Amino acid sequence: MTNMRALTGNEAGAYAIKQIDPDVVPAYPITPQTELMQTFAQYVADGVVQTEMILVESEHSAMSAAVGASAAGARVMSATSANGLALMWEIVYIASSSRLPIVLAVVNRALSGPINIHCDHADSMGCRDAGWIQIYGENPQEVYDNMIQAVRIAENKNVLLPVMTTHDGFIISHTVERVDVLEDDQVKKFVGQYSPRYPLLDTAHPVTYGPLDLQDYYFEHKKQQAEAMKDAKKVILEVGAEYGKLSGRSYGFFDEYQTEDAEYIVIALGSTAGTAKAAVDEMRERGQKVGVIKLRVFRPFPAPELVKAISGAKAVAVLDRSEGFNAVAGPVFSEVRSALYRKSDIPVSAYVYGLGGRDITPEMISGVFADLKSGRLHEEEAFHLGLRE
Amino acid sequence: MTDMIEIRWHGRGGQGAKTVAEFLALVALNEGKYSQGFPEYGPERSGAPIKGYTRISSGPIKMHSAVYNPDIVLVLDPSLLESINVCEGLKEGGTVIINTTRTGDQLREQFPFLEGKKVWTLNADQISTDEIGRAMPNMPLLGALVKATEVVGLESVTGDIKKEFSRKFPPPILEGNIRAVERAYQETVTS
């Protein structure tokens with residue numbers, strides 16, 4: 001039983017948090033996230049959730065409060081964008097290393113400077129090695145679906161890692177689309193009652209969070225974090241399948257669109273994957289064998305699964321919405337090419353596009369497919385797609 | 001998607017272009033269609049030119065790029081005709097709906113970019129002033145859109161105004177908006 005709403009990506013995120021009804025939400029506003037927490041704050045003010053909302057004075061404090069509340073044993077969620085995430089930085093690492101299952105919606109926005117409020121993935125990509133699970137959403141429906149699944153993934157006893165769910169600033173955060181929502185009690189049942197394993201407030205079983213950890217055990221604890229990230233893969237798939245049974249929308253590491261017989265494949269994150277699907281629809285009508293892989297889970301990186309999915313193609317292009325500043329290419333390209341090492345000879349072409357909200361169209365993506373087909377490959381250095389000449 | 005209709009709204013900050021672009025998306029969804037509604041974000045100031053977009057289709061809309069070649073353009077403020085080409089990228093034979101006191105033929109004489117377009121006109125400022133007490137052209141423009149293109153039904157618009165805005169607006173404003181849409185539907189003409 002579902003019902004249909006017209007929601008922006010931010011409203012869809014707020015609606016998911018409302019139905020999850022977390023114990024604590026610390027938040028600080030930043031464009032383009034602001035409307036998400038503003039919408040949720042209205043639910044709090046209206047008394048439709050039990051959540052204790054903490055209005056803090058900065059994002060550093062928002063993440064600090066999230067860490068404190070989560071360690072105390074609360075289910076905690078928040079949201080931010082760009083420079084807000086950057087200001088959280090120090091505490092982002094403390095959340096993951098303390099194994100606190102916080103869920104954070106990141107509304108992707110370019111990092112300053114120069115100041116820009118529009119979409120790219122520099123903010124969340126900067127966090128790619130911070131020990132957080134990262135799930136990228138394509139549209140408002142996925143914003144909603146991913147946030148609900150994120151709670152279950154984060155809190156699984158074999159994971160206990162924080163999860164970042166992202167959606168593209170303005171492009172998704174401020175676009176009204178159809179969103180099929182579940183009933184409140186379906187969501188409540190799916191996420192379940194949170195039972196923290198080692199809550200600080202359980203004084204009968206005292207524990208220590210954030211102790212000094214030097215040459216003796218720091219390394220072992222990092223290895224445990226790395227192991228948890230590996231174990232998360234199974235849990236992500238289980239939760240995605242179970243959510244599919246509930247909602248009719250199943251989720252995996254990535255979405256394979258028309259790739260089965262595809263000779264050329266484009267890999268992209270977020271809303272651009274949808275635009276690429278529109279390009280593929282149009283090219284398929286003209287008999288071209290092209291497909292898209294929408295990478296949904298970037299951390300953990302599904303390397304062997306992705307290699308399997310693309311190995312039948314003649315060439316692959318990776319579209320990065322952030323610059324790597326490594327004189328080579330963007331972060332998704334680096335991961336994909338590294339995954340292919342000694343597994344396949346398939347050429348991978350690198351593109352950087354859409355920085356600071358520069359638009360990408362189906363025609364531009366058709367151009368990428370044309371490049372792949374004619375062998376104009378960018379294997380050593382990314383081509384900057386849509387750049388002013 | 002071959003049957004997708006793309007709509008661009010031209011207004012000035014404060015005229016409700018964002019609201020109506022998104023509200024139309026909702027009306028289409030409630031009719032069982034798929035849709036997107038989104039504004040173009042720039043510096044938002046009262047009175048500054050802004051654009052809003054709506055896409056409507058019978059199937060899921062996958063693309064998330066801006067609208068470059070709309071089928072329909074709606075102009076909430078006639079003074080915009082003097083500063084920008086509201087027909088930029090408009091498909092050949094496309095529809096332009098303008099809030100104005102003048103006729104389509106008069107406008108065509110002054111603005112050559114309207115040549116070859118289906119031009120529909122209405123005095124949305126007067127209609128909204130009469131019905132809700134102030135010039136707020138966005139809802140009358142919806143009535144005009146229904147008359148000119150039938151992308152959604154008139155009763156869908158008025159029914160959804162009742163449903164969506166009943167908590168936001170007091171009854172006289174709500175009823176006034178509905179009358180404004182219905183009057184706009186009657187008074188919109190083409191030439």
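A residue counts as buried when its relative accessible area is under 20%, as exposed when that area is over 50%, and as partly exposed in between. The legends below use these words for a predicted model.

**Figure 1. Chain A as a whole.** Twelve helices and 15 strands make up the secondary structure listed for chain A. Its radius of gyration is 20 Å, close to the 21 Å that the globule rule gives for 389 residues, so chain A is as compact as a globular protein of that length. The C-alpha trace of chain A spans about 65 × 50 × 45 Å along its principal axes. Of the 389 residues in chain A, 58% are buried. Among the contacts in chain A with a separation of 6 or more, 81% are between residues 24 or more positions apart.

**Figure 2. Surface and charge of chain A.** Chain A carries 36 positive and 50 negative side chains. The centres of these two sets lie 5 Å apart.

**Figure 3. Two cis peptide bonds in chain A.** One of the views shows the bond that joins A:Thr31 and A:Pro32, which is cis with omega about 0°. A:Pro32 sits in the loop between strand β2 (24-27) and helix α2 (34-45) of chain A. The other view shows the peptide bond from A:Ser112 to A:Gly113, which is cis with omega near 5°. A:Gly113 belongs to the loop between β5 (103-108) and α5 (122-126) of chain A.

**Figure 4. A:Leu160, a residue with positive phi.** A:Leu160 is not a glycine, yet its phi is positive, at about 45°. Its place is the loop between α6 (140-155) and β7 (163-168) of chain A. The relative accessibility of A:Leu160 is 13%, and the limit for a buried residue is under 20%. A:Leu160 therefore counts as buried.

**Figure 5. A:Phe325, a residue with positive phi.** A:Phe325 has a positive phi of about 50° although it is not a glycine. This residue lies in the loop between β13 (315-320) and α11 (331-340) of chain A. With a relative accessible area of 74%, A:Phe325 is exposed, whereas A:Leu160 in the previous figure is buried.

**Figure 6. Helix α1 of chain B.** Helix α1 of chain B covers residues 17-30. At 1.5 Å a residue, its 14 residues should span 20 Å, and its end C-alpha atoms are 20 Å apart, so the two values agree. The helix is mostly covered, since eleven of its 14 residues are buried. Among the buried residues are B:Val20, B:Phe23, B:Leu24 and B:Val27. B:Glu22 is also one of the buried residues of this helix. An α-helix has 3.6 residues a turn, so residues three or four places apart point the same way. After α1 of chain B comes B:Gly32, whose phi is positive, near 90°.

**Figure 7. B:Asn177 and the residues it touches.** B:Asn177 is part of helix α7 (residues 171-187) of chain B. Its relative accessibility is 6%, so B:Asn177 counts as buried. Leaving aside residues up to four places away in sequence, B:Asn177 touches B:Ile132, B:Met139, B:Ile161 and B:Phe169.

Technical notes:
Residues numbered from 1 in each chain as written. Chains lettered and ligands numbered in written order. Predicted model: local features only at pLDDT ≥ 70, side-chain atom pairs only at ≥ 80, totals over all residues. Heavy atoms only, no water. Helix = DSSP H or I, 4+ residues; strand = E, 2+ residues; numbered from the N terminus. Rg over C-alpha atoms; globule rule 2.2 N^0.38 Å. Buried < 20%, exposed > 50% of the residue type's maximum accessible area, 1.4 Å probe, protein only. Contact = heavy atoms within 4.5 Å. Lys, Arg positive; Asp, Glu negative; His and termini not counted. Charge placed at Lys NZ, Arg CZ, Asp CG, Glu CD. Expected span 1.5 Å × (residues − 1).
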